[in-house]
Amino acid sequence: DGKVPIVLVIEPDSLPNLSTNQADPRCGNPATAKAYREGIAYAVKSIAEATTAVTMYLDAGHGGWLGWKNNMEDFVRTVSGLDVAQHLRGFATNVAGYQALGEMCPEYDWCLPSSGHSGSDSCCYDPC
């Protein structure tokens, strides 16, 4: 009825987990991966078809999961393949697993050995 705004965070944990744990047979096996992808796409599309009065965000884990380039790239590919972007307002982070924000580094790969930095900068400290 439009009287109360409704916001949903879709599927905390599963898509970030799928992107980072593909080698784990409990998470990365073909049946589980298919269920994650198809289930989330179905949920988003079904809600979008049922009402326009809901704003949806997709869970994007936290820096401990998607803070590495390869994990982030895999997550982007996975989300792109769901064909639901037109139904989403954006992403929600720190939903199912929390990571303290700490201090932001100047670049996403600042603390990696290949970056040429020492990794001892205060932004490289990860409390998790």
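Trainee: Why is D74 called buried?

Mentor: D74 has a relative accessibility of 12%, and buried means under 20% relative accessible area, with exposed being over 50% and partly exposed in between, for a 1.4 Å probe and protein chains only. Because 12% falls under that limit, D74 counts as buried. Please keep in mind that this is a predicted model, in which local features need pLDDT of at least 70, side-chain atom pairs count only at pLDDT 80 or more, and totals for chains, interfaces and linings use all residues. Residues are numbered from 1 along each chain as its sequence is written, and side-chain values use heavy atoms, with hydrogens and water left out.

Trainee: What does D74 touch, not counting residues up to four places away in sequence?

Mentor: With that exclusion, D74 touches L18, S19 and Q22, where a contact means heavy atoms within 4.5 Å. D74 itself has its place in helix α4, which covers residues 69–81.

Trainee: What makes up the secondary structure of the chain?

Mentor: The chain has four helices and three strands, and from the N terminus on these elements run β-α-α-β-α-α-β. Helices (H or I, at least four residues) and strands (E, at least two) are DSSP runs, numbered from the N terminus.

Trainee: Why do β1 and β3 stand at the edges?

Mentor: The three strands form an open sheet in the order β1-β2-β3, with parallel pairing. β1 (6–10) and β3 (90–92) each have a single partner strand, so one side of each is left without a neighbour in the sheet. From one strand to the next, the twist averages 40°, an angle between N-to-C directions on a scale from 0 to 180 degrees, with axes that are lines fitted to C-alpha atoms, for helices over the stretch in contact.

Trainee: How do you know that β1 and β2 pair?

Mentor: Two strands pair if DSSP finds at least two bridges between them, and β1 and strand β2 (residues 54–59) have five bridges, in the parallel sense. Within this part of the sheet, I10 stands opposite L58 in β2.

Trainee: Which helix lies across β1 and β2?

Mentor: Helix α2, residues 30–50, lies across both strands and runs at about 165° to β2.

Trainee: How many of the contacts in the chain between residues at least 6 apart in sequence join residues at least 24 apart?

Mentor: Among those contacts, 70% join residues at least 24 apart. As for burial across the whole chain, buried residues make up 31% of its 128 residues.
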